[in-house]
Amino acid sequence: MEKSKLFIFKTNSLSNDQYLLKLNRTDSCLEVYSKVLNSKLNEYYSIRSDFDSSEYTMFEKVDSMPCLFGGEKSPTPYGVFQVEKVSDSEYVSGYRPGYDAVKFFGYIVVFEDYFIHSDMYEASVTDYKNASSISSNDTFTSGCIRISQKSLDKLLSLIPVGTTVIL
């Protein structure tokens with residue numbers, strides 16, 4: 001485990017989180033971190049032998065998913081949030097220029113109308129596996145974080161409501 005792949009928090013509401021999500025804007029990826037034993041602190045940092053790590057929560061990066069996020073005109077917010085809702089249902093949105101409505105399959109609500117979701121499809125699509133995405137050539141989003149359907153499906157099986165998300 002590399003130091004750059006670690007996050008350490010003073011214990012608070014994060015202490016019960018098994019996972020942590022972080023938007024890496026520099027590398028255009030959504031990083032997934034998993035909680036690790038606090039004894040790892042002493043392995044990677046020169047902390048005195050009597051240091052009490054029980055007041056800290058430590059996470060290690062376990063995955064990195066390429067993503068798009070908001071552009072200059074419609075940025076993704078900065079901050080620390082908690083997942084508000086997780087759903088594998090279809091979602092119809094009106095935020096796509098040139099379309100009255102579009103659809104994506106599954107989503108994670110991070111903050112208000114800011115989601116983590118997959119590519120978008122025309123609202124009439126019922127099965128994304130046999131349809132063409134209308135967003136595959138995009139270079140930014142309207143503020144949401146967009147990842148592949150495969151990555152989203154993985155997150156939907158891992159991430160519960162309340163998980164911390166750093167944007």
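**Reading a predicted model: loop, salt bridges and pocket**

Colleague: Where is E55 found in this structure?

Modeller: E55 is found in the loop between α1 (40-44) and β4, and it should be kept in mind throughout that we are looking at a predicted model. At 39% relative accessibility, E55 counts as partly exposed. The C-alpha atoms of E55 and N38 are separated by 9.2 Å, although the two residues are 17 apart along the chain.

Colleague: How many helices and strands does the protein have, and how do the elements run from the N terminus on?

Modeller: There are 2 helices and 11 strands, and in order from the N terminus they read β-β-β-α-β-β-β-β-β-β-β-α-β. Of the contacts between residues at least 6 apart in sequence, 65% join residues at least 24 apart. As for burial, 44% of the 167 residues count as buried, while the protein exposes about 9200 Å², with carbon and sulfur atoms supplying 48% of that area.

Colleague: How many salt bridges does a search of the whole structure find, and which residue forms one with E31?

Modeller: The search of the whole structure finds 5 salt bridges, where the criterion is a side-chain nitrogen of Lys or Arg within 4 Å of a carboxyl oxygen of Asp or Glu. K61 forms one with E31, and the closest N and O atoms of that pair are 3.4 Å apart, which means that the pair falls within the 4 Å cut-off. This pair links distant parts of the chain, for K61 lies in strand β4 (residues 56-66) and E31 in strand β3 (residues 29-36), 30 residues apart.

Colleague: Which strands hold E90 and K103?

Modeller: The side chains of E90 and K103 meet in a salt bridge, at 3.2 Å from N to O. E90 lies in strand β6 and K103 in strand β7 (residues 102-111), so that pair, 13 residues apart, also links distant parts of the chain. On accessibility, E90 is partly exposed at a relative accessible area of 41%, whereas K103 is buried at 5%.

Colleague: Which residues do salt bridges that share partners join into one network?

Modeller: Let me begin with one more pair, D138 and R146, whose side chains meet in a salt bridge at 2.9 Å, N to O. R146 counts as buried, at 5% relative accessibility. As for the network, salt bridges that share partners join K22, E31 and K61.

Colleague: How much space lies in the largest pocket, and which residues are the closest to its centre?

Modeller: The general idea is that rolling a probe the size of a water molecule over the atoms shows where empty space is left. In this model, about 400 Å³ of space lies in the largest pocket. The lining has 20 residues, of which the closest to the centre are Y95, R96, T141, S142 and G143. The elements that give two or more residues to this lining are β6 (85-93) and β8 (114-117), and β8 gives the most, with 3 residues.

Colleague: How do the residues of that lining divide into nonpolar, polar and charged?

Modeller: The lining of the largest pocket divides into 9 nonpolar, 7 polar and 4 charged residues. In reading those numbers, note that Tyr counts as nonpolar and Gly as polar.

Definitions and conventions:
Residues are numbered from 1 along each chain as its sequence is written. This is a predicted model: local features need pLDDT of at least 70, side-chain atom pairs count only at pLDDT 80 or more; totals for chains, interfaces and linings use all residues. Side-chain values use heavy atoms; hydrogens and water are left out. Helices (H or I, at least four residues) and strands (E, at least two) are DSSP runs, numbered from the N terminus. Buried means under 20% relative accessible area, exposed over 50%, partly exposed in between (1.4 Å probe, protein chains only). Contact means heavy atoms within 4.5 Å. Accessible areas come from the Shrake-Rupley method with a 1.4 Å probe; for residues, only the protein chains shown count as cover. On a 1 Å grid over the protein atoms alone, a cavity is a set of points where a 1.4 Å probe fits but cannot get out, and a pocket is an open set with protein on both sides within 12 Å along at least five of seven lines; lining residues have an atom within 4 Å of a point. Grid points are joined across faces, edges and corners, and a volume is the space filled by probe spheres set on the points.
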